[in-house]
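Morning, everyone. I have one structure today and a few minutes. Have a look at it first, then we go through it.

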Amino acid sequence: MVPVRTLAIAFAVLAVSAAAALADDKPVKIPLKEVWALNMPETRDIRQLDAVRNDPALLESLRRALKPKLDAKQASMGFVVLGEGNDALRTAHEVLVGGDKPRVRLPAGQKITAVFFSYESPFYVHLDEVIRKECAIRITYRFVPHETKETTEQIALIPLGELAAGKYSVRVELNAMDKKYAEQGFSTPSKADALRIVCRAFHFIVVDN
Amino acid sequence: MKGAVHFVVWLFFAFVAAHAIASQDTIGPDGINSAGLTLFNGMPLNGSGVDIGQVEEGRPALPGYDSPANSNSFVQPHAAYIQNGQDIKPDMNLDAGHPTIVAGIMISTDNHDDTMPPNGDAPLGIAPMARLTSSAYVTAGGSLAAYRDYILALQFIANGNYVNQSTGKPKLSPGDLLDGNSQLTLGVDWVAQRYDALNVVAGNQGQPTSQMLPLPTDQFNGMTIARSQKLGGVYRQVSTQNNYTEDADGERTSISLIAPGDGVEVAGPGTSESIVNGTSYAAPHVTATAALLRQYAEERITNAPSALWGPNSRHHQVMKAVLMNSADKMKDDGTFIPPGETNPIPQGRLLGMERTVVMQDGISTWFNSDAYDDSIDGQGQFFPLDEQMGAGHLNAHRALEQFRPGERDFNAGEVPMIGWDYGTTSGTGDLNANRYQLQGNLLGGSFVSITLVWDRQVTFASDTVPKNIYNSGDSFAPYSDDGINPPDDSIINDLSLYLVEKGGSIAQAVAASISSVGTVEHIFFQIPETGGYEFWVVQEDDDVGSTQDYAVAWWAMSAGPMLGGDFNNDGIVNAADLAVWQSNFGSGSAADADGDGDTDGNDFAIWQRNLGMTAATINSAAVPEPAALLLLALCAPLILRRRVAVFSEGSLTP
């Protein structure tokens, strides 16, 4: 006979495991207030990172690197880097400015940051939300028009935290422009426009050490 | 004593200015070259006493009124309003700092490079002492109400003003033509003619064709500005971010000039400095340069009123003609080889231009433009301006050279090689042409530049009381557009420019600009043979009046006399020539300015008289560059010492 107490413990363990499994299945929303970004509302101002405060040229050169080529039909892919905040920015700089190849394989048990960016354009590109469900990550954004004759580029460092081993896909999706802008006569950018301006979807793999 | 004090004050300003501006990115020699310009009396040109305006969706922050986080203590607008004079409220209508940044390019007094990388690029404004008044419109987007509010805001500050508009509006319908017929563009052009305002509007940019703000870039009476980017450290390439898919419809082109708009270091809200991109930041370079010229004119009008300096110098058409005619196209350094040629154009033949401007492809120049070849057999005579660069790159230094000779009326006799005029045609036809005879001969192989501008006429379709003022509910009369090659010339008096050998007729013209779709004509032409020339302003039709006011600016190179004092033959009289004179004094003829076979005090006197002049300015009655005066002042002890030493030998008399 199995003691009742043992059964109870086993049941409890199973229940917790099931709950954990269910929890893993639930989408996790990454709050925008945890995202370091340039020119995006509700995020943390990337200019407040020590790496930028101590070396403003770091960000400026990165911005300059986000100048689209005249005949480019599509933007580069987004990517991930190890670390968060200052470390993530420096590594992103090495990729976008230095030309380093972004890592596709990253070790489990270390913090990972997704780098989202848009090239210089007459739109603001604002993050709407970032959601992760298991190995699928979805980044949604929208274009915001402005009547000023300036062009802006955006970059966002999205902390994904420590990820379990697996093959991850990151989708980048465009949400519709606010209705009020359409009412004011602004046209929604085409998908071709979006493809040229905003970084594209990408994949990466997290492996156990 | 008063003069001495004056000189000391000037010297102080010159020293401070030189230190404040020496490394400026967009206002130094690699930018628009506005730094260090001076008034006739040698005092710095800084916009003092000049009113300029700013219209966009927001208004710049006012230090002491708006919060420190939003304002910048170095950017002090004179006043800010909402719409047509409504009061502002603290920290409202600031539009994310954009208007403050735009204002800073014009009037920032920040000459410190504190927060940016230590590259010395302090965000000092072009006209830091100008009085900037801003008027923000209140309705966003593209609608008749939004257009109305834009015009109301503009009208409120337009009177006699140069107004920067780093903003734009969508069309009412995507299918609308950019033919100047929208109520907004009609209104902006009406304001220009009614209030004699120079509207400086930022051009279109950015890759997505779906997000253009094309109105009122299709204006006729103001200036539309595209942006330049650096090439080899110099702002001289048409930015790849300009977008010409929404240029004016038909053969007319929208762009007047290009100016720095890429990687512009600016003073932003709070204590921030940042680097920004956009035609938003190109336009204020032009507006503020106009303010510098206005300051120059006001000083002359006050202290030396004459036929050369009067109210005509304030007209928006004059500013437009001067700024466009003095734009850089090809660097005058003896290295530029035209396409298909093997030899470079000799130095001094390109009117002292300071950079070679290339198109978006990084290679093509004015010589590859539709606008090139204004010869009487060339296609360029039908296309006054280039679609990408307009007349070329803004150059404030050359604009002042262009402006400084003052107004030169063709009725007053021959005109100098450099000048401008505000005139009126006296009717149609060749016989009524206004003929400007250039003094002396033009040098064969050199270039001549002539720019003619005038206004289109805009009238009300509905004009409520008070009349002749734009009121809410008023509307402007569009013209009937056949849509084939808009606009047809029924909305303008068509003017043309001809370059003719002296005493010749239009039938014998060697070059022309005869476009019929706009209100600008521009000749940039290589003189085939040394000789006398004149240019004609001809009214071709009288669709909107029997006469037409216009402004014309010209710049040519004389074949003679030789530039006395230019001992090293580099086209400018400067310290290098003094060195030649010193080394040859009393012992040779290498610095023989008066042609008597020796190098003596008389030759020095000629050098002294022409100090600061260039080959192009020798006949323009221009005054020496104040910088040259400073040079003279600094060199004086050396010169005197040298002369005393030589004279003490008893070989010459002073």
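Start with terms: two strands pair if DSSP finds at least two bridges between them. Helices (H or I, at least four residues) and strands (E, at least two) are DSSP runs, numbered from the N terminus.

Ground rules next. This is a predicted model, where local features need pLDDT of at least 70, side-chain atom pairs count only at pLDDT 80 or more, and totals for chains, interfaces and linings use all residues. Residues are numbered from 1 along each chain as its sequence is written, chains are lettered from A and ligands numbered from 1 in the order in which they are written, and side-chain values use heavy atoms, with hydrogens and water left out.

Now confidence. pLDDT is the predictor's confidence in each residue, from 0 to 100. Chain B has a mean pLDDT of 86, with 84% of its residues at 70 or more. Residues 1–23 of chain B are below 50; beyond near neighbours in sequence, that stretch has 23 contacts in the model (heavy atoms within 4.5 Å). Residues 619–654 of chain B also stay under 50, with 58 contacts beyond four places in sequence. Where pLDDT is low, the predicted coordinates should not be read in detail. For the complex, the predictor gives an ipTM of 0.75 and a pTM of 0.83.

Chain B overall. It has ten helices and 20 strands. Of its 654 residues, 61% are buried. Buried means under 20% relative accessible area, exposed over 50%, partly exposed in between (1.4 Å probe, protein chains only).

To the open sheet. Four strands of chain B make it, in the order β12-β19-β16-β17, with antiparallel pairing. Which strands stand at the edges? They are β12 (434–437) and β17 (509–513) of chain B; each has a single partner strand, so one side of each is left without a neighbour in the sheet. Antiparallel β12(B) and β19(B), residues 533–539, are joined by four bridges. In that strand β19(B), B:E534 is the bridge partner of B:Q437.

Another pair: β13 (447–453) and β18 of chain B run antiparallel over seven bridges. B:V453 stands opposite B:V520 in β18(B). Strand β18(B), residues 520–526, has six of its seven residues buried.

Helix α2 of chain B, residues 98–107. Buried or exposed? Ten of its ten residues are buried, so the helix is largely enclosed by the rest of the structure. Its buried residues pack against several elements of chain B, including β1 (51–56), β3 (131–136) and α5 (279–303).

Now the loop between β14 (460–462) and β15 (475–476) of chain B, which holds B:K467. B:P466 is in this loop too, and a cis peptide bond joins B:V465 to B:P466, with omega about -5 degrees. B:K467 is exposed, at a relative accessible area of 54%. The side chain of B:K467 reaches the backbone oxygen of B:D463 at 2.8 Å. B:N468, also in the loop, has a positive phi of about 60 degrees although it is not a glycine. B:N468 is partly exposed, at 38%.

Two last spots. The peptide bond from B:L215 to B:P216 is cis, with omega near 5 degrees; B:P216 is in the loop between β5 (198–202) and β6 (223–231) of chain B. B:L351 has a positive phi near 60 degrees and is buried at 1% relative accessibility.

That's my tour. Over to you.

Key:
Polar contact = N/O pair within 3.5 Å; in protein donor to acceptor, adjacent residues only side chain to side chain.
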